[in-house]
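Please look over the model below before reading my comments.

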Amino acid sequence: MPTEDLLTAWTALLHRCGAAVDPEPYGRELLRRWSEPQRRYHTVAHLRAVLRHVDELAGHAADPEAVRLAAWFHDAVHRPDRTENEERSAALAVRALTAAGLPAERVAEVERLVLLTVGHDPAPGDRNGEVLCDADLAVLGGTPEAYAAYAAAVREEYGFVPAPDFAAGRAAVLRHLLALPGLYRTPARPRAQRPAAPHAPPVSRAARPP
C-alpha cells in the first residue's frame with residue numbers, strides 16, 4: 001500500500017508541533033512498524049482510517065495535534081501474542097517524541113491517550129480521549145460488510161488462539177463495551193457510524209481489543 005501521503009502528513013504534523021529534528025526518518029520507521037508481516041487488521045489501512053476519523057472529529061478535541069500523534073502511535077507496537085502492546089506503544093511515543101524535541105506536556109498527553117486505548121473509556125469531558133477512542137472504534141459501527149472484513153482480519157491476526165478461547169474473548173469485549181456509558185462519545189460520532197449497539201468485537205484483552 002502506498003504510504004508517501006502518510007509520510008508527508010506525519011512530517012507536517014511534527015513540524016507543526018515544533019519538532020527540532022527532521023521527522024521523516026522516524027516517520028518511515030513508524031510506517032515500517034505498521035507494515036509488519038504479523039498484522040492483518042492493525043495495519044497501515046487501520047492507521048489511515050483512524051487518522052481520517054480524527055480529522056473528521058478534530059473540532060471536538062482540545063488538542064487535535066496531540067490526538068493525531070496518539071493515533072500514529074496507538075498500535076505502533078503490535079504483537080498479537082502479547083498483552084502489553086498499548087503500554088509498549090505509549091513508551092515508544094514518549095521516547096520518539098521526546099527525542100524529536102516536542103514539549104513535555106504534549107508528550108505526556110500523547111502517552112495518556114495511547115494508554116486510554118486499553119479500555120476505550122475516556123472520562124466525561126476528556127475531549128481528546130473521546131475523539132481518539134471514537135476514531136479507533138469506528139469500524140464497530142460500520143456496515144455489515146466492513147465489520148465482516150474487520151472480523152475476518154482480526155481472526156487471521158489471532159489465528160493461533162483456539163476457537164473456544166477466541167469466542168470467549170469476543171463475549172468478554174462485548175460485555176466491556178456494552179457496560180460503557182456509550183460506544184461513541186463525540187456529538188458527531190465518526191462519519192457513517194450508528195448510535196446502536198456495536199457488533200461483537202472478536203477478541204479480549206488476553207488477545208487484543210480493537
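The numbered points below take these topics in turn.

1. Basis. This is a predicted model, in which local features need pLDDT of at least 70, side-chain atom pairs count only at pLDDT 80 or more, and totals for chains, interfaces and linings use all residues. Residues are numbered from 1 along each chain as its sequence is written, and side-chain values use heavy atoms, with hydrogens and water left out.

2. Confidence. The protein chain has a mean pLDDT of 91, where pLDDT is the predictor's confidence in each residue, from 0 to 100. In this chain, 90% of residues reach 70 or more. Treat residues 194-209 separately: pLDDT stays under 50 there. For that stretch the model has 63 contacts beyond four places in sequence (contact means heavy atoms within 4.5 Å).

3. H1 and H4. Helices here are DSSP runs of H or I with at least four residues, numbered from the N terminus. The axes of H1 (residues 4-16) and H4 (residues 64-73) come within 11 Å and cross at roughly 135 degrees. Axes are lines fitted to C-alpha atoms over the stretch in contact, and angles run from 0 to 180 degrees between N-to-C directions. The pair is therefore oblique; angles under 35 degrees count as roughly parallel, over 145 as roughly antiparallel, 65 to 115 as roughly perpendicular and the rest as oblique. The crossing of H1 past H4 is left-handed (near helix turned anticlockwise from the far one by less than a right angle; clockwise is right-handed).

4. Who meets whom in H1 and H4? From H1 come Leu6, Trp10, Leu13, Leu14 and Arg16; from H4, Glu65, Arg68, Leu69, Trp72 and Phe73. Seven of the contact residues are nonpolar, none polar and three charged (Ala, Val, Leu, Ile, Met, Phe, Trp, Tyr, Cys and Pro count as nonpolar, Asp, Glu, Lys and Arg as charged, the others, Gly among them, as polar).

5. H3 and H7. The axes of H3 and H7 (residues 127-136) come within 8 Å and cross at roughly 135 degrees. H3 passes H7 in a right-handed crossing. His46, Val50, His53, Val54 and Leu57 of H3 meet Val131, Asp134, Ala135 and Asp136 of H7. That contact has five nonpolar, two polar and two charged residues.

6. Asp55. This residue sits in H3 (residues 44-57). Asp55 is partly exposed, at 47% relative accessibility (buried means under 20% relative accessible area, exposed over 50%, partly exposed in between; 1.4 Å probe, protein chains only). Its C-alpha atom is 9.2 Å from that of Ala135, 80 residues apart along the chain.

7. His120. Check the backbone here: phi is positive, about 55 degrees, although His120 is not a glycine. His120 lies in the loop between H6 (104-116) and H7. His120 is buried, with a relative accessible area of 4%.

Notes
Helix = DSSP H or I, 4+ residues; strand = E, 2+ residues; numbered from the N terminus.
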